[in-house]
Amino acid sequence: MVFRKLPGVSASGMGLRLSQKFVFLLFLSGLVTLCFGALFFLPDSVRLKRIFLSKTEVQPVTVGSGSENDVREHLKRPKEPEHTRDMTPGKGETKSRKPSVSNEATEERLAGGKAQEDLTVSRSKADSLMERVSDAHIDANSDTFNFKKFQGCLLKPALGRDSGSTADPKTNDRREKVKEMMKFAWDNYKRYAWGKNELRPLTKNGHLGNMFGGLRGASIVDSLDTLYIMGLMDEYNDAKEWVQTSLDLNSNGEASLFEVNIRYVGGLLSAYYLTGEEFFRNKAVELGEKLLPAFNTPTGIPRGVINLGSGTSWSWGWASAGSSILAEFGTLHLEFVHLTELSNNPVFKEKVMSIRKLLNKIEKPHGLYPNFLSPVSGNWVQHHVSIGGLGDSFYEYLIKSYLMSDKTDEEAKKMYYSALEAIEANLVQKSPGGLTYMAEWRGGILDHKMGHLACFSGGMIGIGADDGAPEKRQHYLDLAAEITHTCHESYTRSTTRLGPEAFRFDSGAEATATRLSDRYYILRPEVIESYMYMWRLTHDPKYRDWGWEAVEALEQHCRVESGFSGIRDVYALTASHDNMQQSFFLSETLKYLYLLFSDDDLLSLEDWVFNTEAHPLPIIRKSCLQDEVTEEKTVSE
């Protein structure tokens, strides 16, 4: 290009001015770039980025690369995901509770083990979701749910006629003992670990773990309803104040969708329904909103891990081919239905109903639901079926969804009884010694092992017995009793009279752990859970006697100077403690024991179902609530 000489301007002068302008523009451009770039490093960078990014921009998100050990240190079960931490006690990590992931689960990963899909989240979908979430949050703070109307629809007072006290002095004494255990566990948590997630009673300090995405106070939220129903009001008020003033939901960490839902959302929901305190409700809905981005997958099946700040989600690094876990995505229904009830926003219920729709459509091998499902393709990843870890609470939530709907959710009922029929045909076995147990199914081959987690199934089958086909109702109740008896046997055959993590029925063994890695007990509730349900269904005194055996064993082997601790070997004469007081011990184990020794009208099964963390959620009586609204309108007119 040729520059023509301007009149009155020398070539050197023009060059100088151009150079000055160029430097000025360069400086200005750098300043603007620096200012805009800095916005992305501010604490609330996600919201700021949303301002500047196009709504149609696709953001690549790398699927989690967390190792299996990372996840195990994090998970409680799915019924553990409470699920996946290093399940070998003694390393100081919190043990996973719901689907427990054993070495066998590790072996089930595909070759290459960390096969995970690259996840892309549509920004336009995310923005649409945020708009709906905003609506939900507005609705949650409006008068969409009338607590007094809800109370009027309960058949019995939540706390019973006399706070659940029984007419039998011996039973009341046992109940008071359980209450003392709860106070002891709580007082030590408060003294040494207040605000942390769990107590380490041997070292007298707190534990945060990595499964709650930066959320704190898991033991506090998990204990709210237990403290309340036990009448420990000073302790409850301390917990209530902490939740109101110190539970910060604006965390920016990686959380288990399952664990946050069952412990935090479930705990806040039950606290609201028991007390009517609005901030419990508002926090439950707010936290529920933060979980919604996990559902942004091609199938609507949520991924197992979510960053509560950014909304990014991914699958567990140990899960086969980046799959989602049955017991995780199948254990959201109860809580999300109630979130819709309380917020008047349908998005929560829609998310879990889309899961059910896909599960109804997909082919099931022999009528069974395998544990791993791809959230991308919607196909089963492998054919491993378990009623214990990785599968358990999915089945529990089917029958409880039916019961919680006031027996109007016919789809849940059909799915539950069809699954139970397949379980009976393929998994239920009888040992040479006459013990009934639930085996695991691996592509058509039975593994004659039953996990402690699977022992919840006695109670599950029991509460569903009355609504089965008339000719099978007694059969289901008998099956429930047989499974509960087998789980009791796993306790009585150990030195400590506490049950191992898993027990086998092969090579001459019956209801006994044959592997060193299966011998630990981490204060799990499932066996006691079935005792409680079977007592309420049959009033056979043996269930209360078995529960008292568990109390004595916990006191002898798990109680330490500053709380309760799991043990590494239930067959050892001298206890070796794992230094962890699990939050589910306060939420489930002690609550179920207290209910076992209480009158049936304390949290009556006619009014309440328990989520998989033992948080009571009320049966939704739509007709009653609608009648109340109609009556109010008539009076006002």
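This is a predicted model: local features need pLDDT of at least 70, side-chain atom pairs count only at pLDDT 80 or more; totals for chains, interfaces and linings use all residues.
I will start with the inside. The largest nonpolar core has 158 residues. Within this core, the residues with the most contacts are Val 243, Tyr 395, Met 450 and Ile 461. Helix α10, residues 257–275, supplies the largest share of the core, 12 residues. There is also a second, separate core of 8 residues. Val 305, Trp 314, Trp 316 and Trp 318 are among its members.

What does Tyr 395 touch, if we do not count residues up to four places away in sequence? The partners are Leu 326, Tyr 369, Val 385, Ser 386, Ile 387, Tyr 416, Ala 419, Ile 423 and Met 460. Please keep Tyr 369 from that list in mind.

Now the aromatic rings. A search of the whole structure finds 33 aromatic pairs. One of them joins Tyr 369 and Phe 394, with ring centres 4.8 Å apart. Their planes stand at 55 degrees, so this pair is tilted. Tyr 369 lies in the loop between α14 (347–361) and β9 (372–373), while Phe 394 belongs to helix α15 (residues 392–404), so the pair ties together parts that are 25 residues apart in sequence.

Another pair is Tyr 533 with Tyr 592. The centres of these rings are 6.4 Å apart and the planes are at 50 degrees, so this pair is tilted as well. Tyr 533 is in helix α19, residues 526–538, and Tyr 592 is in helix α21, residues 583–596. The pair links distant parts of the chain, 59 residues apart. Tyr 533 counts as buried at 2% relative accessibility, and Tyr 592 is buried at 0%.

Some rings form a cluster. Phe 145, Phe 147, Phe 150, Tyr 272, Tyr 273 and Trp 608 belong to one aromatic cluster. Phe 147 has a further entry here: its C-alpha atom is separated by 9.4 Å from that of Glu 278, although the two residues are 131 residues apart along the chain. Glu 278 is found in helix α11, residues 278–291. With a relative accessibility of 35%, Glu 278 counts as partly exposed.

Charges also meet rings. The charged end of Arg 559 sits over the ring of Phe 184, 3.8 Å from the ring centre. Lys 190 places its charged end over the ring of Trp 194, at 5.9 Å from the centre.

Two more residues, and then I am done. Arg 621 lies in the loop between β21 (616–618) and α22 (622–636). Is Arg 621 buried or exposed? Arg 621 is buried, with a relative accessible area of 11%, and the cut-off for buried is under 20%. Leaving aside neighbours within four places in sequence, Arg 621 is in contact with Cys 153, Leu 154, Leu 155, Asp 406, Glu 606 and Asp 607.

An unreviewed UniProt entry covers Thr 612 with the annotation "binding site". Where is Thr 612 found? Thr 612 is in the loop between β20 (608–610) and β21. Thr 612 is buried, with a relative accessible area of 0%. Its side chain makes a polar contact, at 3.0 Å, with the side chain of Glu 396.

Notes. Residues are numbered from 1 along each chain as its sequence is written. Side-chain values use heavy atoms; hydrogens and water are left out. A nonpolar core is a set of buried Ala, Val, Leu, Ile, Met, Phe, Trp, Tyr and Cys residues joined through side-chain atoms within 4.5 Å. Buried means under 20% relative accessible area, exposed over 50%, partly exposed in between (1.4 Å probe, protein chains only). Helices (H or I, at least four residues) and strands (E, at least two) are DSSP runs, numbered from the N terminus. Contact means heavy atoms within 4.5 Å. Rings of Phe, Tyr and Trp (its six-membered ring) pair if their centres lie within 6.5 Å; planes under 30 degrees apart count as stacked, over 60 as edge-to-face and the rest as tilted. A charge sits over a ring if NZ of Lys or CZ of Arg is within 6 Å of the ring centre and within 35 degrees of the ring normal. UniProt positions are given in the numbering used here, feature names are shortened, and annotations may be inferred rather than shown by experiment. A polar contact is a pair of N or O atoms within 3.5 Å; within protein, one must be able to donate a hydrogen and the other to accept it, and residues adjacent in sequence count only if both atoms are side-chain atoms.
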